Amino acid sequence: MNLTLKIWRQKDANSKGQMTDYQISDVSDHMSFLEMMDVLNEQIINKGEEPVAFDHDCREGICGMCSMYINGEAHGPDRGVTTCQLHMRMFKDGDTITIEPWKAAAFPVIKDLVVDRSAFDRIQHAGGYISVNTSGNTQDANSIPIAKQAADTAMDAATCIGCGACVATCKNSSAMLFVGAKVSQYALLPQGQVEAADRVKNMVAQMDLEGFGNCTNTGACEVECPKGISLDNIARMNRELMKASI
Amino acid sequence: MGGFFKSSIGRKVSMALSAFFLMFFLLQHLAINILSVFNPDLFNEVSHFMGTNPVVQFALQPVLIFAVVFHFVMGFVLELRNKKANGAKYAKNNGAANSTWFSRNMILSGITILAFILLHFIDFWFPEINTKFIQGDWSGVMEGVEGYRYHEELVHKFLHPARVAAYVVAFVFLGLHLAHGFTSAFQSVGAASLRKKLEKVGIAYSIIVPLGFIFIALYHHLNH
């Protein structure tokens, strides 16, 4: 198929960006979206121009690196997939595809389609862990019985890959689905209880400090999340913070 | 606890708590006003009670005023913060793919409701405050009107078609605001399972309450 691509080009963090048009032909239905981008970049390099910078790593939907806003949706029009898992069969011959970086004040553009998501790392550092003495006398995690439902719900929350699609999609650039998932994965397990109050307080404080917006419960993040992280995690985070503050 | 209400989540929770109070207020306001259609005498009795009872006037009324002002001020504060967090706009953004129009435009429906409340205050609340607190007339009677004045005043307001039209438009926006706000408030206070259970109740509430007020406005306009 032949496509017109409108891609956000931005030289560096300090430059002003703009949309630039590209034509690409002979795109196979079976290509992933990133493979299509690779082919485009080869064309651009062959012309002696600067290729389009974009984030990618594992290309199997688990690393959370790819981050494109495609035709007005995070990770494109398919559901439950990252950009690397999006296939060109979702588009048709003659389509114009708009490709932009995540846009949020807390995710500044570094170059083209690459944004700085280190705000998520700093939120994690603020409390997204449990403190365990690993000196050799560590208790086996399986020695603490955990109800199947709690284990499953915690695992569902833990599947968040931190790609930032929730922030990119949210009209308020809120990070509450991400933080809700990270708080929940520990809040649901006995190992997470010891630091539960400090964890939620510190992670929410860091989230606010990073300049993410407020959740207004539109539910857009849940729909666009490649891992199907549920809004229930945001409600759980709200409960946890209320519990920790009273 | 003070720190909690300064956090992003604390602000959400305070929005939800004021919303719960306002949603309860709407329900009792409708229940009383609908009497003006079915039983004008009882409407007058209840209106006089609500307008002169010290608990209602000096305890509940200030709470209501606070809730209304707080909900609007906090709504604007959150909107401004969210705009700031949002940064640059997308060249193409398909919001309809993942959320409802009314959930994304609460500020728009909110501003319409605010404009309506100003009109509503000019129509009813300011004259009431003037009569009772400035002129000191707590009798509830008016020259030329048999019995209490409240029903006559209400009907008189709905004579002008422009006012009726403004009320109808405002109630449509109120319905849109409630269509998202009802369940959203439960989510904000952490009651995710209640949010899901009450989804249909929320839809019913957001249709029935505004329709009830529209019915009252149209009924008095057409029957006079």
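1. In this predicted model, N33(B) belongs to helix 2 of chain B. N33(B) counts as partly exposed because 18 other C-beta atoms lie within 10 Å, and a residue is buried if 20 or more do so.

2. Helix 2 of chain B, residues 8–33, packs on helix 5 of chain B, residues 54–86. The angle of packing is about 140 degrees, and the axes are 9 Å apart. The pair is therefore oblique, since only angles over 145 degrees count as roughly antiparallel. The crossing of helix 2 of chain B and helix 5 of chain B is left-handed.

3. The residues that form this contact can be listed for each helix. Helix 2 of chain B contributes R11(B), S14(B), M15(B), S18(B), A19(B), F21(B), L22(B) and F25(B). Helix 5 of chain B meets these with L64(B), A67(B), V68(B), F70(B), H71(B), M74(B), G75(B) and L78(B). By class, the contact of the two helices comprises 11 nonpolar, four polar and one charged residues.

4. As a whole, chain B holds 11 helices and zero strands, so that its pattern along the sequence reads α-α-α-α-α-α-α-α-α-α-α. Chain B has 224 residues, of which 28% are buried. Of the contacts in chain B between residues at least 6 apart in sequence, 76% link residues at least 24 apart. Along the principal axes, the C-alpha atoms of chain B occupy a box of roughly 60 × 40 × 35 Å.

5. Chain A contains eight helices and seven strands. Buried residues account for 45% of its 246 residues. In chain A, 69% of the contacts with a separation of 6 or more involve residues 24 or more positions apart. The C-alpha trace of chain A spans about 60 × 40 × 35 Å along its principal axes.

6. The contact of the two chains draws 39 residues from chain A and 36 residues from chain B. On the side of chain A that touches chain B, the elements giving two or more residues are strand 5 (96–101), helix 6 (196–209), helix 7 (220–224) and helix 8 of chain A. Helix 8 of chain A supplies the largest share of that side, with seven residues. By class, this side of chain A has 16 nonpolar, 15 polar and eight charged residues.

7. Helix 8 of chain A covers residues 232–245 and has 14 residues. Its first and last C-alpha atoms are 20 Å apart, close to the 20 Å expected at 1.5 Å a residue. Buried positions in helix 8 of chain A are D232(A), N233(A), I234(A), A235(A), R236(A), M237(A), N238(A), E240(A) and L241(A).

8. Most residues other than glycine have a negative phi. R59(A), which is not a glycine, has a positive phi of about 60 degrees. R59(A) sits in the loop between helix 1 (33–46) and strand 3 (68–70) of chain A, and is partly exposed, with 16 other C-beta atoms within 10 Å.

9. N217(A) likewise is a residue other than glycine with a positive phi, near 60 degrees. N217(A) lies in the loop between helix 6 and helix 7 of chain A. N217(A) is buried because 26 other C-beta atoms lie within 10 Å.

Key. Residues numbered from 1 in each chain as written. Chains lettered and ligands numbered in written order. Predicted model: local features only at pLDDT ≥ 70, side-chain atom pairs only at ≥ 80, totals over all residues. Axes fitted to C-alpha atoms, helices over the stretch in contact; angles between N-to-C directions. Helix = DSSP H or I, 4+ residues; strand = E, 2+ residues; numbered from the N terminus. Parallel < 35°, antiparallel > 145°, perpendicular 65-115°, else oblique. Left-handed = near helix turned anticlockwise from the far one by under 90°. Contact = placed C-beta atoms within 7 Å. Nonpolar A, V, L, I, M, F, W, Y, C, P; charged D, E, K, R; others polar. Expected span 1.5 Å × (residues − 1). Buried ≥ 20, exposed ≤ 12 C-beta atoms within 10 Å, placed from the backbone.
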